Amino acid sequence: MHLQSNKSLHWLTSKRQQAAVWGTELLLPSTKVAELCAELGIEFRDRVYTPLVTVWLFLLQTLSADHSCQQAVARLNAWRTARGLPRCSSETTAYCKARVRLPEPLFARLLAWTADRCDQAADRGWLFQGREVELVDGLTVTMADTGENQKQYPQLAKQRPGCGFPLARLVTILSLATGAVSSLAIGPYAGKRTGETSLLRTLLHRIEPGKILLADRYYATFWLLALGEMQQIDLVTRTHQLRRIDFRKGLKQGSYDQLVAYPRPARPAWMTRAEYLRHPAFILVRHVRFRVEQLGFRTREVTLATTLLDAQVYSAANLAQLYRQRWLVELHIRSLKTQMQMEHLRCKTPAMIRKELYAHLIGYNIVRAAMQAAALKFGICPTQLSFTGTMQALEELATGLRLQAGRVPQQWENLLATINELRVGDRPGRSEPRRVKRRPKSYPLLRQPRHKYTSHYSGVA
């Protein structure tokens, strides 16, 4: 295990003998950023905000507690001063323009690259019977209330103009083994072809054949099950709430374990006839039912729908244990929206909103890579480690490297040791109701645009 861990860590530690510009340099080498810039034909002058510096600043912005551009520029000046370079202006205009110049495909490729590197270094013991499992789920984010954002990602229709925020729907694909995000689809919250299943269909071609997709019951449709089978991807989901399950029918493979045929439904309005005919007339689906019994909780029955048909290879108990791990995606999304403050985005235009989303996900993958490095070094599973604690430890590492504290290898070893010590408790089946103790201040709701509430005084109190 120790030898395998050292090999797996090589891609993370190969640069550590060199003084890095930022903490992310250990996890996102400048050579890779430069390589992608060359592939995309990005040309730039020798200026303060080169693509390399701008990318690192953007990522550190998402990883720090203060997400402001002002803090990012202050961080840059601290780094330049520590190296005897002339400081730049504290105004954020140049930095914001540099972010605009970076093309969106650069961020998409960096996201895919960080996820691939995490997958390559994953321990085989983290896989499900030797197969990689991908988690899928949707989430929503709000953003700055500007005209451009409202046009592409409109607020809820029931809200009055000026009283809500632009709203976008996202669908992400994450690795069950490492937690890293590999793909992202973005769309308006409402409208045709903007639902989670529609967005997922745009991502399925990015999932490599042979992988397993783990999802909740919302994705248990004929079209996704059939499309996964056509692309050699297996799905494990809960059966859809509208589908009637009768274990007296079908081919029995055990107690509450059956094979049934899903016939092709009528062609939906959004699907072309040619696309409809490419789907099979029926698909075989396996239903497995198991009971969830926990002291102090109501006993529940869960029925799964999966294209893993062989009961000898994939037992009902193994599938139940696999589906139980689907809850990890909820925790990962909470880390993104709460710990990384991705719930509300700051940028003013849709193009920059997408870059900001990618920057958050790349930063998230960097945290996951550090957790994975610690897990490999100490022979544990990454899910045992604290995401928030890793973020805090990475920020301190970045500060030390930025100010040329030296002893980079020792700092890296200290980072891994710190992450290993910050473990989370194993609390299977724990219920955490959404209740708050601190009462928010009871201000009245905004029911018309804010400028209509503004009062102009003549200076008299």
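Me: How much space lies in the largest cavity?

Reply: The model is a predicted one. A cavity is a space where a probe fits but from which it cannot get out. Here the largest cavity holds about 30 Å³ of space. The search of the whole structure finds two cavities of 30 Å³ or more.

Me: Which residues line the largest cavity?

Reply: Its lining consists of Leu176, Ala177, Thr178, Gly179, His332, Arg368, Pro382 and Thr383. By class, three of the lining residues are nonpolar, four are polar and one is charged.

Me: Is glutamine 372 buried or exposed?

Reply: A residue counts as buried under 20% relative accessible area. Glutamine 372 has a relative accessibility of 1%, so it is buried. Across the chain, 50% of the 461 residues count as buried.

Me: How is an open space described, and what is the volume of the second largest pocket?

Reply: A pocket, in contrast to a cavity, is an open set of points. The second largest pocket has a volume of about 430 Å³. Its lining has 24 residues, and those nearest its centre are Asp116, Asp119, Ser182, Glu208 and Lys211.

Me: Which element gives the most to the lining of the second largest pocket?

Reply: Helix 7 does, with eight residues. Helix 7 and strand 3 (181–188) each supply at least two residues of this lining. In the lining of the second largest pocket, ten residues are nonpolar, five are polar and nine are charged.

Me: Let us turn to helices. How many helices and strands are there in the chain?

Reply: The chain has 16 helices and ten strands. For helix 16, residues 408–421, the 14 residues reach 20 Å, close to the 20 Å expected.

Me: Why is helix 4 described as largely enclosed by the rest of the structure?

Reply: Helix 4 is largely enclosed because twelve of its 13 residues are buried. Among them are Pro51, Trp56, Phe58, Gln61 and Leu63. The cover over the buried residues of helix 4 includes helix 3 (30–39), helix 5 (69–82), helix 6 (93–101), helix 7 (104–121), helix 14 (350–378) and helix 15 (387–402).

Me: Which residues of helix 16 are buried?

Reply: In helix 16 the buried residues are Val408, Gln411, Trp412, Leu415, Leu416, Ile419 and Asn420.

Me: How is a pair of aromatic rings described?

Reply: The description rests on the distance of the centres and the angle of the planes. Rings pair if their centres lie within 6.5 Å, and planes over 60 degrees apart count as edge-to-face. By this rule there are eight aromatic pairs. One of them joins tyrosine 218 and tyrosine 219, edge-to-face, at 5.8 Å centre to centre with 90° between the planes. Tyrosine 218 is partly exposed at 42% relative accessible area, whereas tyrosine 219 is buried at 1%.

Me: Why is the pair of phenylalanine 222 and tryptophan 223 edge-to-face?

Reply: The planes of these two rings stand at 90°, with the centres 5.1 Å apart, so the pair of phenylalanine 222 and tryptophan 223 is edge-to-face. Phenylalanine 222 is buried at 4% relative accessibility, and tryptophan 223 is buried at 11%. Phe222 and Trp223 form one aromatic cluster with Tyr276.

Me: Finally, how is separation in sequence compared with distance in space, and how far apart are tryptophan 327 and leucine 135?

Reply: Of the contacts in the chain with a separation of 6 or more, 67% are between residues 24 or more positions apart. Tryptophan 327 and leucine 135 are 192 residues apart in sequence, and their C-alpha atoms are 9.4 Å apart in space. Tryptophan 327 lies in helix 13 (residues 327–339) and is exposed, with a relative accessible area of 52%.

Key
Residues are numbered from 1 along each chain as its sequence is written. This is a predicted model: local features need pLDDT of at least 70, side-chain atom pairs count only at pLDDT 80 or more; totals for chains, interfaces and linings use all residues. Side-chain values use heavy atoms; hydrogens and water are left out. Buried means under 20% relative accessible area, exposed over 50%, partly exposed in between (1.4 Å probe, protein chains only). Helices (H or I, at least four residues) and strands (E, at least two) are DSSP runs, numbered from the N terminus. Contact means heavy atoms within 4.5 Å. On a 1 Å grid over the protein atoms alone, a cavity is a set of points where a 1.4 Å probe fits but cannot get out, and a pocket is an open set with protein on both sides within 12 Å along at least five of seven lines; lining residues have an atom within 4 Å of a point. Grid points are joined across faces, edges and corners, and a volume is the space filled by probe spheres set on the points. Ala, Val, Leu, Ile, Met, Phe, Trp, Tyr, Cys and Pro count as nonpolar, Asp, Glu, Lys and Arg as charged, and the others, Gly among them, as polar. Rings of Phe, Tyr and Trp (its six-membered ring) pair if their centres lie within 6.5 Å; planes under 30 degrees apart count as stacked, over 60 as edge-to-face and the rest as tilted. The expected span of a helix is 1.5 Å times one less than its number of residues.
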